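Please look at the sequence and the model below, and then follow the description from the whole chain down to single residues.

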Amino acid sequence: MGSVVRVAVSRAVVLAICAPAIAGAQADPALLWRDATLYRDEWGVPHVYAGHPRALAFAFGYAQAEDHLEPMLFAYRVANGRAAEVLGEPYAKSDAFSVSVGHARLAEAALRVVDPV
């Protein structure tokens, strides 16, 4: 597995573990935006400020999705062992590895013990 795929898998695992906990704990984005500010400077660099960690994570995730949506979706597919469905046979070994390691199972187990606050 190449280094790009390893990085993508690592990011996807982190997202799979963290995103559901953050999203499930606060369903209304309007409430999160009330406590967060996201602006971009003259170079397009995002700056995120927030009143609490959940709003900060939400706004940071939003900025990441604006800038890197395609790689995030790719990483999600790789981590869940579903890249070959859309990218073909070259990803079959990567998918088999992700399924055998159980990334989705690990994320679900972590979600059960994460602090919702």
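The chain exposes about 7,800 Å², and carbon and sulfur atoms supply 63% of that area; accessible areas here come from the Shrake-Rupley method with a 1.4 Å probe, and for residues only the protein chains shown count as cover. The model is a predicted one, in which local features need pLDDT of at least 70 and side-chain atom pairs count only at pLDDT 80 or more, while totals for chains, interfaces and linings use all residues. Residues are numbered from 1 along each chain as its sequence is written, and side-chain values use heavy atoms, with hydrogens and water left out.

Of the 117 residues of the chain, 18% count as buried, where buried means under 20% relative accessible area, exposed means over 50%, and partly exposed covers what lies in between (1.4 Å probe, protein chains only). The chain holds six helices and two strands, and read along the sequence these elements follow the pattern α-α-β-β-α-α-α-α. Helices (H or I, at least four residues) and strands (E, at least two) are DSSP runs, numbered from the N terminus. Among contacts between residues at least 6 apart in sequence, 41% join residues at least 24 apart, a contact being heavy atoms within 4.5 Å.

Ser-98 has its place in helix α5, and it counts as buried because its relative accessibility is 2%. With its neighbours within four places in sequence left aside, Ser-98 is in contact with Val-78, Ala-79, Gly-81 and His-103.

At the surface, Phe-97, Val-101 and Leu-106 form a nonpolar patch, with about 250 Å² of accessible area together. Patches are made of residues with over 30% relative accessible area and no salt bridge, with like charges joined within 9 Å and nonpolar side chains (Val, Leu, Ile, Met, Phe, Trp, Tyr) joined within 5 Å.

The aromatic rings come next. A pair of aromatic rings is described by the distance of the centres and the angle of the planes. Rings of Phe, Tyr and Trp (its six-membered ring) pair if their centres lie within 6.5 Å, and planes under 30 degrees apart count as stacked, over 60 as edge-to-face and the rest as tilted. By this rule the count comes to four aromatic pairs. Why does the pair of Tyr-39 and Tyr-49 count as stacked? The ring centres of Tyr-39 and Tyr-49 are 6.3 Å apart and the planes stand at 10°, so the pair is stacked. This pair links distant parts of the chain, with Tyr-39 in strand β1 (residues 36-40) and Tyr-49 in strand β2 (residues 46-50), 10 residues apart. Tyr-39 is partly exposed at 40% relative accessibility, and Tyr-49 is partly exposed as well, with a relative accessible area of 48%.

Phe-74 and Tyr-91 have ring centres 5.8 Å apart and planes at 80°, so this pair is edge-to-face. It too links distant parts of the chain, with Phe-74 in helix α3 (residues 53-79) and Tyr-91 in the loop between α4 (84-87) and α5 (92-101), 17 residues apart. Phe-74 counts as partly exposed at 22% relative accessibility, and Tyr-91 counts as partly exposed at 24%. Elsewhere, ring pairs link Trp-33, Phe-58 and Tyr-62 into a cluster.

Charged side chains complete the picture. Side chains of opposite charge can pair when their charged atoms come close. The structure holds five salt bridges, each being a side-chain nitrogen of Lys or Arg within 4 Å of a carboxyl oxygen of Asp or Glu. One of them joins the side chains of Arg-40 and Glu-66 at 2.9 Å, N to O, and this pair links distant parts of the chain, since Arg-40 lies in strand β1 and Glu-66 in helix α3, 26 residues apart. Arg-40 is partly exposed, with a relative accessible area of 31%, and Glu-66 counts as partly exposed at 45%.

Another salt bridge brings together the side chains of Arg-77 and Glu-85 (3.3 Å, N to O). Arg-77 is partly exposed at a relative accessible area of 28%, whereas Glu-85 counts as exposed at 51%. Salt bridges that share partners also join Arg-40, Glu-66 and Asp-67 into one network.
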